[in-house]
Amino acid sequence: MTSTIALVRHRVADFEAWKKVYDGFAPIQAEHGVHAHQVLRSIDNPNDVIVTHTFDSPEAARAFFAMPELKEAMSQAGVNADSVEISYFDEVEAGTLVGV
């Protein structure tokens with residue numbers, strides 16, 4: 001089964017404050033189809049954040065990012081709304097290179 005990965009890039013006012021809200025939203029993520037995630041923080045600008053979320057389908061991913069509760073949490077977390085970019089991808093392959 002193919003997974004859908006949502007890649008979200010945005011700027012935040014304060015990474016630590018954002019992360020606290022993000023972590024508190026985890027139960028809602030799980031309830032609405034997020035199976036896995038990654039949080040990436042820019043080396044050059046610590047308030048430039050990329051988050052990935054893994055879903056079963058594009059429909060589940062789009063429904064999650066349309067939730068008013070998510071938009072409210074992002075606002076409370078200090079996300080710059082004008083900076084939010086969301087892209088959706090089909091996972092084609094994943095793996096670990098060991099002994100290459």
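Modeller: S3 is buried, with a relative accessible area of 19%. Buried means under 20% relative accessible area, exposed over 50% and partly exposed in between, with a 1.4 Å probe and protein chains only.

Biologist: What kind of model is this, and how are residues numbered?

Modeller: It is a predicted model, where local features need pLDDT of at least 70 and side-chain atom pairs count only at pLDDT 80 or more, while totals for chains, interfaces and linings use all residues. Residues are numbered from 1 along each chain as its sequence is written, and side-chain values use heavy atoms, with hydrogens and water left out.

Biologist: Back to S3. Where is it, and what does it touch?

Modeller: S3 sits in the segment before β1 (4–11). Leaving out residues up to four places away in sequence, S3 touches T54, F55, F89, D90 and E91. Contact means heavy atoms within 4.5 Å. Helices (H or I, at least four residues) and strands (E, at least two) are DSSP runs, numbered from the N terminus.

Biologist: Which order do the strands take in the sheet?

Modeller: The open sheet has 4 strands in the order β2-β3-β1-β4, with antiparallel pairing. β2 (36–41) and β4 (85–90) are at the edges with a single partner strand each, so one side of each has no neighbour in the sheet. Neighbouring strands are turned by 15° against each other on average, direction ignored. Axes are lines fitted to C-alpha atoms, for helices over the stretch in contact, and angles run from 0 to 180 degrees between N-to-C directions.

Biologist: How many bridges join β1 to β3?

Modeller: 8 bridges join β1 to β3 (residues 48–55). Two strands pair if DSSP finds at least two bridges between them. T4 is partnered with F55, V8 with V51 and H10 with V49.

Biologist: And the other pairs?

Modeller: β1 and β4 are joined by 6 bridges, and R9 has E85 as its bridge partner in β4. β2 and β3 are also joined by 6 bridges; they form a hairpin with 6 residues between them, and L40 stands opposite I50 in β3.

Biologist: Is β3 mostly covered or exposed?

Modeller: Mostly covered, as 7 of the 8 residues in β3 are buried.

Biologist: Which helices lie across the strands?

Modeller: Helix α1 (residues 15–24) lies across β1, β2 and β3, at about 175° to β2. Helix α3 (residues 58–65) lies across β1, β3 and β4, at about 135° to β3.

Biologist: Change of topic. How many cavities of 30 Å³ or more are there?

Modeller: The count is 1 cavity of 30 Å³ or more, and the largest cavity holds about 170 Å³ of space. Of the 15 residues lining the largest cavity, H10, W18, Y22, L70 and M74 are the closest to its centre. On a 1 Å grid over the protein atoms alone, a cavity is a set of points where a 1.4 Å probe fits but cannot get out, and lining residues have an atom within 4 Å of a point. Grid points are joined across faces, edges and corners, and a volume is the space filled by probe spheres set on the points.

Biologist: Which elements supply the lining?

Modeller: β1, α1, β3, α3 and α4 (68–76) each supply at least two residues of the lining of the largest cavity.

Terms used:
1 Å grid on protein atoms, 1.4 Å probe; cavity = no way out; pocket = protein on both sides within 12 Å on 5 of 7 lines; lining within 4 Å.
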